[in-house]
Amino acid sequence: MNFLELEELMQQHKAMILCSPHNPVGRIWKEAELAQLLFLAAKYNVFIISDEIWQDIVSSNVQHHPLFSFNSPAINQVLVLSSQTKTYNLAGAQIGYGLSYNRDFIVKMHHELTKSIHYASTNYLSAKMIISGYLNHDNYDWLAAYKTTLEENYHYLVNELLKGQLISNSPELKELI
Ligand SMILES: Cc1ncc(COP(=O)(O)O)c(C=O)c1O
């Protein structure tokens, strides 16, 4: 993260959107980066909207750090957005949700969403999906297998691109594979 620029921007804005893990570049933010981000958010009173929908789809050699796992005075200024749609492949299920320790914010958000675009309502099937997804969690072998397949595809692609010299064998790339 470019903290010099971020600090300057935080003095001019009230909120920022974080995508963690990042889509589309796939960047997993390091623990120290997120801690520094929260430090600056507390210093400049900036609200953080953290989209963590890709939280489960990360390579086995890295770890996603949810913002709610940090012990920071800025935690009351955080809204985490997520959904089961990526992990469980449920696109279109309309089951996205927002989490915050800031009750006032949740109440206001609910009010605005309900009044203007009816996004705060879901349907019976979607409600069943979200409940069964989060309650039936004895066994995550299928998720591990899914991630292994993704990693194999990723390595295959990188090796083919290297063979064809379509990408260069840089130190940054070595860190990723
Ligand atoms: C970072 C991010 N947030 C949110 C979404 C929305 O996901 P959905 O509409 O499946 O809930 C996507 C979908 O690709 C995404 O990549």
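Trainee: Which residues does Leu34 touch, not counting residues up to four places away in sequence?
Mentor: Leu34 touches Trp29, His65, Leu67 and Phe70. Contact means C-beta atoms, placed from the backbone, within 7 Å. This is a predicted model, where local features need pLDDT of at least 70, side-chain atom pairs count only at pLDDT 80 or more, and totals for chains, interfaces and linings use all residues. Residues are numbered from 1 along each chain as its sequence is written.

Trainee: How many residues does the largest nonpolar core have?
Mentor: That core has 11 residues, including Leu34, Leu67, Ile48 and Val78. A nonpolar core joins buried Ala, Val, Leu, Ile, Met, Phe, Trp, Tyr and Cys residues through C-beta atoms within 7 Å. Buried means 20 or more other C-beta atoms within 10 Å of a residue's own, placed from the backbone.

Trainee: And which element gives the largest share of this core?
Mentor: H2 does, with 4 residues. Helices are DSSP runs of H or I, at least four residues, and strands are runs of E, at least two, numbered from the N terminus.

Trainee: Switching to strands. In which sense do S1 and S2 pair?
Mentor: Strand S1 (residues 15-19) and strand S2 (residues 47-51) pair in the parallel sense, over 5 bridges. Pairing takes at least two DSSP bridges. Met16 has Ile48 in S2 as its bridge partner.

Trainee: What stands opposite Ile48 in S3?
Mentor: Val78. S2 and S3 are also parallel, over 4 bridges.

Definitions and conventions
Buried ≥ 20, exposed ≤ 12 C-beta atoms within 10 Å, placed from the backbone. Contact = placed C-beta atoms within 7 Å.
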